[in-house]
Structures are given as C-alpha cells and as structure tokens.
There are 2 protein chains.
Amino acid sequence: MASVNIAFSPVGGKVKVRKGTNVLNAAIEGGVALRAECGGNGVCGKCRVIVQNGDAIGEPAEAERKHFSPRELRSGYRLACQTFPKQDITVLIPKETRIGERRILTRGTEKQTALNPMVKKFHVKLDEPSLSDVRPDFERLLEALSDSHKLTGLTIDCDILRKLPDILRDAGWDVTVAVWNNARIVAVEAGDTGSKLFGFAVDIGTSKVVGHLVDLTIGKTLSTGYIENPQLPYGADIVTRIAFAMENEANRQTLRKAVVEGISKVLRQACAKAKVDVHQVYEAVLVGNTAMHHLCLGIQPKYTALSPYVPAIKSSLHLRAKELEVEMNSNGVCSFLPIIAGFVGADAVADVIATGFYELKKTSMLIDIGTNTEVFVGNFKDIATCSCASGPAFEGARIKHGMKAETGAIESVHLEPDFEVGFKTIGNAKPKGLCGSAMIDLVAEMFKLEIIDSKGKINPRVKTRRLKKAGKQTEFTVAWADETATGKEIVITQRDIGEIQLAKAAIFAGCSLLMKTKNLERQDLAKILIAGNFGNYINPQNAKLLGLVPDVPTERIEFVGNTAVEGAKMALISKETRKTAEQLSKEIRYLELAATPDFSREFAQALFIPHKDMNRFPLVNKELADRGRTAKDTHNS
Amino acid sequence: MASVNIAFSPVGGKVKVRKGTNVLNAAIEGGVALRAECGGNGVCGKCRVIVQNGDAIGEPAEAERKHFSPRELRSGYRLACQTFPKQDITVLIPKETRIGERRILTRGTEKQTALNPMVKKFHVKLDEPSLSDVRPDFERLLEALSDSHKLTGLTIDCDILRKLPDILRDAGWDVTVAVWNNARIVAVEAGDTGSKLFGFAVDIGTSKVVGHLVDLTIGKTLSTGYIENPQLPYGADIVTRIAFAMENEANRQTLRKAVVEGISKVLRQACAKAKVDVHQVYEAVLVGNTAMHHLCLGIQPKYTALSPYVPAIKSSLHLRAKELEVEMNSNGVCSFLPIIAGFVGADAVADVIATGFYELKKTSMLIDIGTNTEVFVGNFKDIATCSCASGPAFEGARIKHGMKAETGAIESVHLEPDFEVGFKTIGNAKPKGLCGSAMIDLVAEMFKLEIIDSKGKINPRVKTRRLKKAGKQTEFTVAWADETATGKEIVITQRDIGEIQLAKAAIFAGCSLLMKTKNLERQDLAKILIAGNFGNYINPQNAKLLGLVPDVPTERIEFVGNTAVEGAKMALISKETRKTAEQLSKEIRYLELAATPDFSREFAQALFIPHKDMNRFPLVNKELADRGRTAKDTHNS
C-alpha cells in the first residue's frame, strides 16, 4: 500500500504511514504529542499545525474554515485531524499545539520500551478426538500449547471452560488462545486471530479519564478517548468525593460504578474510532491517584484522607475485567499499577516511568503539580518522594477568575514595564479566565515589576489603571471586559495572590525537605521535570522567580506535561516495565511531611516570593539585581 | 463437661462424647455409618439401634413410639437420633441400620488420613499505623502473617480488600485470617476465630445430593444433610438431562442453578443442625459423575454423551464460592475433585480414595454399580479402569416393580426349595417394590432353583402358584397383594430378568476386558469391593451366581456402600489426599470399551447365567454340582 513520510518540526520525529492517514494519527504513531481534545473529530480546533506545501494537502475542510481565518489558512494553518497528506511533507507544530516536550527527550537513556506485553496470542491446531484418543478438551488444548509454544501450567476460568467444547468443535480444532502472563487463558477464538491483540492504557484523573487504545502486536496507540470523570457530580474535588464515599457502602458503589462506566465509555470511544472489537481488548492498565484508585476499586477510602493517611494496599492489582465490570474481554485483566502512599498514587509511579526518571544517571527532581503535588528526588540508584498539600489553586479553584487548562484559559502572561499585559489563551480563543501557568506568570511578573512585594502584598503606590479596589480587595486587571469571552474583566486579586503563595510554599517546602533527607543542595539537581495539568507549558524563569521550584539554571527546568497515561501505556506494552513499577513502588522512600518537624518553618519561609532566605535563590537574586532590585529591597519593601 | 463412652457392636468402634450427644451423632463422630435418611430428625425411623441397659437412656420418645411396636421397645429398640445416653453404654446396631461395612476395614492400610486441610486460620495482632509507620493495610497484614506464621506471597480478592480498612480498625488490629493453600486470603475476621473453621464434602449424585459438614480443626463430621437432586424434574436419568442441556445455554443454566441451589440447601441444613454459620464454611469439596460435574459447572455436556465421549476437563477445579454461586463464605473455595474420563467421574476417584484401593498391596477390583458402572483393577502400583453402560436396572428403572433403595424396597430375597419367598425390606416397612440388591438375589435364586435356565428363560414346567402368564409375559410373584404397601402383587417378569442380564453382562464384560489388559485371572484378585446405591448390601454368593462379578472365593467380596462422599471428606481434610486424587486422575489408565474389539463377544457370553463359558466360574460350577446340577445341565436346559 502506498505510504508517505511525515516529518515534524521543530520537535523532531519522522514517521512513515499509510496514505490516507491523517496528520494527527501520524503524530500519535510517531510519539509526537499534539493537543486534540475532541479526539480527532475536527470539533475542538486544538490540533493546529502549519503545512507550507499546499499541494500536498489540498483545500481546507469545512471544519478548518470554521477554526481559521482566511489569512491563517493562506499561511498553511490546518487541523492535523483533517489533513491527509498525499506526498511526503514536513509539518510545523506551533507552540500552542504541542503538549509539552516529547517525553522521550526527558528520558535518561534513549532506550525504547521493548515490546513484551503480558497478554499474548498463540495459534494452535489440535488433533480431533477419537475412541483411541479420548483426552479431554482442556488437556488436549494444554498439550497442544505445550508442544507448539512451550507453555505449561496454564489455568482457565470456568466461564471459558463452559463454552470450550463448542468453541473447539465449531472452529474445527483450529484456534487462537490469548494467554495472560504465560499463566492464564483469557480467550479461545476460532481460527488465527493473532493480529487482533489490543490493550488499553487509562489515566483515571480526578477531572478526566483519558485512555489510549494500543495495538499490542506493535506497541502503538491506535486511537485515544477521554471523558470528564463521571464522579464529578459527587464532588469536583477528591476530598468531597471521599467524604461522600465514607458515608456508606452504597455511596462507594455509586462512585465505583460511575468511574468504571466512564472507563468503559472511553474504551468504546477509542475502539469505535479504530474499528476494534472491545472484546479483543484483553488487558487494561490503569493509573490514578490513590483516592481514585480506591474509589475505582470500591475500597473504603476513608483512611487515606485521615491522619496517618494509610491506603488499603500499595501492590499492583490484577482483576478480571468482569470483576471490575469494565466492558472489554470479560476474562481479560484490569491491572492497577502499584501506588506508593496515601498521596503518592499509581499516576505518580506512571510519571516516574514515562519520564524515565528512575533511569537518570544524574540526580534530578520530578514535580507533578496538582491539588496534591508529588515530588520525587533521586536518580537510577535511589529515589525519595513526598506529597505536598498544594491545594487546587493551580487548577483554578479558589481563584476569583481561575479555571482549568481548557479552551479560553489564559495560559501565559507577560507584563510590560508600563504594566500593560500581553497574554495567550488556550486555543487562541477569547479569554475566559486564568489557568495555573498564567497564575505563575502573573505573580512572578508582578513581583518583577514590584507591583507586589516579597510578601505578595500589592503596592498601593504603583500607578496603573489596572490596579483598583473592589470592596476591601485590591485587584489587578489582566484582561479588559471588551477583550474577554464573558464581557467582564479578568482580574487577579490580593486574595488570589495569597492562595498562590500558599500553594507554591507547600510545593517548595516539600522539595526542600525532600532534598534535605538526601543532603542535596540546589546545585546538585541536574534537572527539574515539571508535570501537571495546569496549562501547556510553564515559563521556567517565572516558576523560579515565584519560588515554586529550587533555583537551578533555567535550562535545567523542563515541562513534561501529563505523562501518567504514557506511563500506563509503557507498562501495558512491557512486562519488564510492569516489574519496574512494582519495584519502584517498594523501593521509593516516602517522606511523610506531616511527620517532619521542620515542615512549618520551611513552609513559612517559602510563603515569601521567591523565599524568605534569598541565599537559597542566588540566581534569581542576581537577575533581580541586574534589574536594579536587591533581595534586601524586596524584603524591606 | 461430663462425657460418656459409647461402644458400637458388632461393628466395633468406641467414642467418647459430651453428655447430651445423641447416639446418631456419636456414631458419626466415631466413623460408624448408620442409616439416617431424615438427617436425625426422628422422622424416617431408619437409625434403629438396640440398647439393652434401659437405665442409661430413659423412656422412649414420642417419635420412637411411632416407629416401634411395644414389644420392640421392650427389647431395647430405639432411634439413635432420639437416644441421649446418660451413662457409658454399648449400642447394638442391627444389620438393617448399617450402611455397608465401616470404610476403614477395606483400606489397604489402617493409616488414618492426617488432618491437613487446604484452608487454615491464622491469628495476628498488627501494629496500629502512625505517621512514622504508614504501611498500607494489606502490606501491614502480610508482614504480620509473614512474621508470625511464615506465610509469604499471599493474594487477596478485591471484595475483601474493599472492607479490609474497616475490618482492621473495627477489630482493633486483632484479626484472624483464613488462608487457602497458603496462597490466598479467603477471610479476615475480628478477634481470634481459630476454632471456627468448617468445610463441606458433597457427593452430587444423579438422584441425591449428600453432604457432610466437617469441623476442619479436628477433621470430624459435625452433621450431614441430603436432598433429592433438584435436577430431577428435568430428567430422572442423566441422559435425559444431558439432552435437555444440549438444547441451549438457558437450559444449561437452569440445570446448573438447580443443582447449585441444592448444594446450598444441603449445606444450610447441615449448618443449622450443627449451629454453624455458613459463612464460616471456607471450602467445599465436590464429587459427582462426569455429567453431574459438567452440569454443576454449567459446562456444555454434549460431547461426554456422544462418541468418543470426551469431557471438557479432567483436572481438579478450584472456584470461588461466589463464582459457583454456592451459599457459603463467598471468597471460600469450591474444589471439584478431578475426573478420569467421560464416564469415570470424580465420584469414582473418591471411591478409590475412600476405599484406600490405591494403597492395596494385593491386586484387587473395585466396582461402583450404577447406571454407569465403573470398574477399577489394580493395586498401589498401577490401576486401570473402564466404564460399563450397565443401564439403570439395578437402580430400579425399566423393571416392572423396580425402585430405588428407599424405605419399602425389598432389598434381599431368599427362595425356599418349594419356591416360597422370604424377603426383607428397607426400614422393615411393607414392601413397595424391588431394589437392585433384591433383583440380584431373585435372579440368582431363581437360577439356583432352576426356575430360569442359563439363558434367563423361565422354565414353564416349574410348578408353583407364583408363576403365571400376564398377557404374553411370564412373571414370578415375589410378594402377594396382601403383603404389600400398595395392595398389589410385586412381581419379576421375564422381561425384567432380561434387563438384569443386560446390566450384569455389561458389568462382567467390563471386568473381564479390564483384567485382560492387565493379564489377570480371577484367582489373581485378592478382593472385589462393590460400591453403589442399590440396597444396603449385596449377597456376594448371589452376585457370583448371577455372574455379575468374577468368580472368587465369597469371602473376598466386600460391599462398601456409597463411598463417594467419604472420599470427598478425606480430600477435604487432607491436602495430601487432594494431591493423591490429582495423581490418580492422571495415572489411572482408562480403557475405552467402545474401542475394544472383543467387547461384543465378551458381552454376548456374559448374557448367560452365570456365563456361557463355565470354565470361568469354577467355584459357582462346583456349588451347582453340589446341588446336583452341572454346567452342562444348565447350558442344555
């Protein structure tokens, strides 16, 4: 079949695909992460790319005319999901379309995950029984599997056994057997179905459930799906849901069923797109934070939320799909990756795997920012972790005009010396509010321009039309009413700044105490990887200036996006990665900040911008000095 | 607590029990098998015993006055279930109350089954979690089990995990864990429940489901239960049920649910009697013929009934109770013992175990007579088996006045030289019909008195009022109308005799061909053990005379009753026995009679009484000669 080569610029990566494949799927296949929130249906308008050779792609589609101005279209702007290259092309990926950097760049080694899934298929032909060969069906099958494929000691579930006699005879004794972990038969199918072997990687986020349907014969994503977490009506945040679940068993069942049905829905979505039969999905690997893990399994989550925050289990779990009630092959396996602690879940383990953090030669830090922020410090020899109660500020909650990193969120902000504001929104839509990355920019830039002091207090002497009193609060206007989608101003208030200080102080205190347990100084960190869902990228300079992360040279800070589902996928396609996850869950040392006496002092110091002790931020200090501002100034202002 | 000693005569056996225990339960505890079809409720009147020391037992109960005449009561007749000894006593067990001989007598060695059940309980106290010890609940439990009991690598089902956090805290971190096979946690209970560890042994017969509730801490039966197989409405015989099951999946589910609910019912019965919580029954061991095994599991049974008669599986199966839907501890295990072939089921494996056949030093034969009759030949080194399609004649079907071995069945018959008839019924009730053992007696005795010839043909020249024509059939009156419960004569017809010849010929041909594969002569058989449900005992002399079994000295023939449930019980209390069963299932060689060319000739010869070739029945021949009748006579008559 005819194929075309597609190169991606400037992120790198090249992929050869069948002609007729759209650029979005080509990017997925090539491991290039593009934004595509509608899953490739031309609806969200997120997968914006630039193709300069118009001949290679033809006229814009209907959906593209909706999302682009004529000028943009003339410049070669297209939606990746609507673009079907007829010749080899190079596709430019603008910054707004990229999901962080390519994961592989952050891995310590360039080693690819070797394809070795837990589920494999084996084709066998059996001798037909006769009066001189009356071996029972199951034993006949086992012996054939042993003779042809050296498999021994396999078990079978009763519900497959029930149908086995008919399956074998209807198939004329020519069948394909799906086997999990070389140990358990999960399906017996007529004929040779070896090419139909699928798996599903899922990140059960508090807000979203995201899944990748993976062809396990080649280890590639075929399609993706996602939905809002169906538990949302029972609580936007995890604490509310846990409180609901604590009430009684019925509530726990309600939450369990909601999310499990959600997982099935995402799987159906992805299977429909790739024209795959859900019953040929034999394994799902699931990750999520500890609370989501417990709620999805129907485990009493109460004690993860009360001191000493103890989960019910940390080891990985392998359930039959029928047991978990996920709609896939019913004898297939749903595997939950292991967790580390009450607030360091399987999603964090997946981060460590996806980023290759555990293979890094040089000591580094990984921070996954969310309502709870997980921090890892270490290298291939030894890793320690802690969880920081950073709160939902970076996800938009408790912030006057805060919002999640969705279309219309302002995701980056720049302040001019005259206090005028430049900003960029997700999807280049009219702004609706501020997501996490914008808040980091705002507070850092306001501090840089001395609109706020190191205590975060707005300086009333600054003269700008953007500062005003609203009731007792002072607020700073980010976008004027006529610029926004809501027709109302978007502001950041004095209280918002306080919330951000609380959040960043919790995170920095965690980083700091964790480094202390390993006797590390900021200079010792070869890299700081930042993961999270607060926007498409973080301005590393501003993250440091805010005092969110330790003060390392800017180029050492990398934003890796949301890597949990990638980690799940890597575990799905590789037994070895599964073992690594189990080992990491056992070996990574967990530091309970609540039991750390220094915590309060560290936290209090970190409330300052960037920090009370400017000796810990020499690089920032130098930069401020270059701007004619000193640490002393800031502390005395 | 006060206790009394009870001795059983003439069967032997002595047991010390708590005062207040009735004689039936004492007998069960002592391993003495008494008939007690109502399960000890004073209803069936079967557990007749004789106690000569009236002081030790007091006045007869209401139920006993119903079942005995005043003369019997004065002779010391009592119902074992209604008799509560106040002092040490000896209880005489009349023949009609005994169920065969005590199993132990037939075992090759006197070795008792060592108590070592698959399910065990472990009491542990855990450290309470704290901020300095945040091990998750499951791992905390595992570590305690490993520290205190050297258990490692245990798994847990999700539904136990769901409740684990609450169980541990409600129990104040002091729990007892039930573990199956040192591998899987089946229950976590508050406090020390080590003394409450129960199992259930079940024989799923085509007609009856019989169960023993066993205290697994001591390996003794606490109570028993039984019901008619609830599949009976779908077919009295197994072939009808298989035909029904073959039609569709819904029918298979109907049969599966019927018998599974039956098993639960028997368990509830037994638990109620012994005041045991069904949820503290952690394992059930089930046996049954291959068809019942498949039907109970919901496996398509079609191909076990069609040539080449191949079952779906022979290995033992371990299901969770919730999967099989038996009402016991839902995470407990239902273990099916392995089967050997399409017509040699787990019940036959249980027979081999219960009789200790596999340990016999000297080569012997075991015959379990039923609609299908299984024959085993061999010794501790090597066993071969075959299945004979003997049909249901010995269970009363296709016989004009045939019936199962139930109250009112004539179970033994003696003919006087003047053709007058002496008989004994089960329960000494008025006769209702003939069960298998009576038919054996009748045909043998009729042959002995030359009422029939060696072809089974009734000799019309015999002069007795008991012989008459009814239509075209000649029949022999066994009981006159005024003697019977029905008010009608009980007869055996020429056609009945033919049915019995067919049945016995099938069995003898099987015995014969099986011996041939091992080059054995009748003299080589040190023992012939006969098991089955056709009455309470077989007259060995008559069994030989009929030509049912090879011609060995009479004292070598032993009737062992229905031993399948005993075998299940031995497997239940012993891991080693479980292994033995699995090994036997693999090692016992199965001879497919349908594939044996000699079968037709062997069968045709065996249709004669006792056999066409009298050289194979020299002992019988001599006996006949002593009566003045020669083989030649018989064959020429």
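Trainee: At what angle do helix α6 (residues 238-247) of chain B and helix α7 (residues 249-274) of chain B pack?
Mentor: One thing first: this is a predicted model, where local features need pLDDT of at least 70, side-chain atom pairs count only at pLDDT 80 or more, and totals for chains, interfaces and linings use all residues. Residues are numbered from 1 along each chain as its sequence is written, while chains are lettered from A and ligands numbered from 1 in the order in which they are written. Helices (H or I, at least four residues) and strands (E, at least two) are DSSP runs numbered from the N terminus, and axes are lines fitted to C-alpha atoms, for helices over the stretch in contact, with angles from 0 to 180 degrees between N-to-C directions. The axes of α6(B) and α7(B) lie 5 Å apart, and the angle is about 135 degrees.

Trainee: So what word describes how α6(B) and α7(B) lie to each other?
Mentor: Under 35 degrees counts as roughly parallel, over 145 as roughly antiparallel, 65 to 115 as roughly perpendicular, and the rest as oblique. The pair is therefore oblique.

Trainee: Which residues of α7(B) meet α6(B)?
Mentor: Two residues are in contact if their C-beta atoms, placed from the backbone, lie within 7 Å. Ala, Val, Leu, Ile, Met, Phe, Trp, Tyr, Cys and Pro count as nonpolar, Asp, Glu, Lys and Arg as charged, and the others, Gly among them, as polar. On the α6(B) side you have B:R241, B:F244, B:A245 and B:E247, and their partners in α7(B) are B:N251, B:R252 and B:L255.

Trainee: By class, how many residues does that contact of α6(B) with α7(B) have?
Mentor: Take the classes one by one. The contact has three charged, one polar and three nonpolar residues.

Trainee: Over in chain A, how far apart are the axes of α13 and α17?
Mentor: Helix α13 (residues 494-517) and helix α17 (residues 599-606) of chain A pack at about 130 degrees. That angle makes α13(A) oblique to α17(A). As for the distance between their axes, the value is 8 Å.

Trainee: Which residues of α17(A) make the contact with α13(A)?
Mentor: From α13(A) come A:A505, A:A506, A:F508, A:A509, A:S512 and A:L513. The residues of this contact divide into eight nonpolar, one polar and one charged. The α17(A) side gives A:F599, A:E602, A:F603 and A:A606.

Trainee: Which element gives the largest share of the side of chain A that touches chain B?
Mentor: The contact takes 38 residues from chain A and 38 from chain B. On the chain A side, α4 (137-149), α5 (158-170), α9 (302-305) and β14 (317-320) each give two or more residues. By class, that side has 23 nonpolar, six polar and nine charged residues. The largest share, seven residues, is from α5(A).

Trainee: What radius of gyration does chain A have?
Mentor: The radius is taken over C-alpha atoms, and the globule rule is 2.2 Å times the number of residues to the power 0.38. The C-alpha atoms of chain A fill a box of roughly 100 × 65 × 45 Å along the principal axes. For 637 residues a compact globule would be near 26 Å, which agrees with the value for chain A, 26 Å.

Trainee: Is A:K150 buried or exposed?
Mentor: Buried means 20 or more other C-beta atoms within 10 Å of its own, exposed 12 or fewer, and partly exposed in between, with C-beta atoms placed from the backbone. A:K150 sits in the loop between α4 and β7 (155-156) of chain A, and its phi is positive, about 60 degrees, although A:K150 is not a glycine. With 9 other C-beta atoms within 10 Å, A:K150 is exposed.

Trainee: Where is A:P308 found?
Mentor: Most residues other than glycine have a negative phi, and most peptide bonds are trans. The bond from A:S307 to A:P308 is cis, with omega near 0 degrees. You'll find A:P308 in the loop between α9 and β14 of chain A.

Trainee: How far apart in space are B:I492 and B:M439, C-alpha to C-alpha?
Mentor: B:I492 belongs to strand β24 (residues 490-493) of chain B, and B:I492 is buried, with 26 other C-beta atoms within 10 Å. Leaving out residues up to four places away in sequence, B:I492 touches B:L434, B:L442, B:E475, B:F476, B:V478 and B:I497. B:I492 and B:M439 are 53 residues apart in sequence, and their distance in space is 8.4 Å.
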